[in-house]
Amino acid sequence: MEYQVDLKARWGGTAHEGEVEAAPRKLIQMFGQPLLNDGDSESLGTYVFSTNDGTVLTLYRRAYDVSKQQVEALRADFWQQKQEVEFHIGAKRAHDVPQFKAWLVKRLAQR
């Protein structure tokens, strides 16, 4: 299955269903800028992916227990990191996550 960044996809109702390690800078190089104002005050950024069959998944990073001002200050530096950090994978159905994670890991390894 192929996934594409889809900032217009309806991703409400997705929830944390998995994790994956990725370098923030590499994600920007591959997929462009993430959503920085996704409605969550702790969000460092979110990517929204969809498939042709309508499956929607999110890849995101949160800065928990920090103020909104601190999150805004962290964002710029965070997305320039070359080292891998843990991102959460959000989905409406947990069984959609393993295939997406495998696809993403393969894509990250090719770059």
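Visitor: Why is His88 called buried?

Guide: His88 has a relative accessible area of 14%, and the label buried applies to anything under 20%, so His88 counts as buried. The model is a predicted one, and the value is computed from its atoms. His88 is found in strand 5, and, leaving aside its neighbours within four places in sequence, His88 is in contact with His16, Gly18, Glu19, Thr58, Leu59, Tyr60 and Tyr64.

Visitor: What makes those residues contacts of His88?

Guide: A contact requires heavy atoms within 4.5 Å, and His16, Gly18, Glu19, Thr58, Leu59, Tyr60 and Tyr64 are in contact with His88 in that sense, once neighbours within four places in sequence have been left aside.

Visitor: Why is Leu35 called partly exposed?

Guide: The relative accessible area of Leu35 is 22%, and because buried means under 20% and exposed means over 50%, a value in between is called partly exposed. Leu35 lies in the loop between helix 1 and strand 3, where, apart from its neighbours within four places in sequence, Leu35 is in contact with Leu7, Trp11, Gly45, Thr46 and Val48.

Visitor: Which residues of helix 2 are buried, and what puts them on the same side of the helix?

Guide: In helix 2, residues 68–78, the buried residues are Val71, Arg75 and Phe78. They cover an arc of only 80° around the axis, which puts them on the same side of helix 2. An α-helix has 3.6 residues a turn, so residues three or four places apart point the same way. On the other side of helix 2, Gln69, Ala73, Ala76 and Asp77 are exposed. The cover over the buried residues of helix 2 includes helix 1 (24–31), strand 3 (43–50), strand 4 (56–62) and strand 5 (85–91).

Visitor: How do you know that Val71 is buried?

Guide: Val71, which lies in helix 2, has a relative accessible area of 1%, and because the cut-off is under 20%, Val71 is buried. The C-alpha atoms of Val71 and Thr58, 13 residues apart along the chain, are separated by 19 Å.

Visitor: How many helices and strands does the chain have, and why is the chain called as compact as a globular protein of its length?

Guide: The chain has 3 helices and 5 strands, which follow one another along the sequence as β-β-α-β-β-α-β-α. The radius of gyration is 13 Å, and the globule rule gives 13 Å for 111 residues, so the chain is as compact as a globular protein of that length. The C-alpha trace spans about 40 × 30 × 20 Å along its principal axes. Buried residues make up 43% of the 111 residues, and, of the contacts between residues at least 6 apart in sequence, 73% join residues at least 24 apart.

Visitor: What is the accessible surface of the chain, and how far apart are the mean positions of its positive and negative charges?

Guide: The accessible surface comes to about 6,300 Å², with 46% of it belonging to carbon and sulfur atoms. The chain has 15 positive and 15 negative charges, and their mean positions are 7 Å apart.

Key: Residues are numbered from 1 along each chain as its sequence is written. This is a predicted model: local features need pLDDT of at least 70, side-chain atom pairs count only at pLDDT 80 or more; totals for chains, interfaces and linings use all residues. Side-chain values use heavy atoms; hydrogens and water are left out. Helices (H or I, at least four residues) and strands (E, at least two) are DSSP runs, numbered from the N terminus. The radius of gyration is taken over C-alpha atoms; the globule rule is 2.2 Å times the number of residues to the power 0.38. Buried means under 20% relative accessible area, exposed over 50%, partly exposed in between (1.4 Å probe, protein chains only). Accessible areas come from the Shrake-Rupley method with a 1.4 Å probe; for residues, only the protein chains shown count as cover. Lys and Arg count as positive and Asp and Glu as negative; His and the chain ends are not counted. The place of a charge is taken as NZ of Lys, CZ of Arg, CG of Asp or CD of Glu. The arc is that of the directions from the helix axis to the C-beta atoms.
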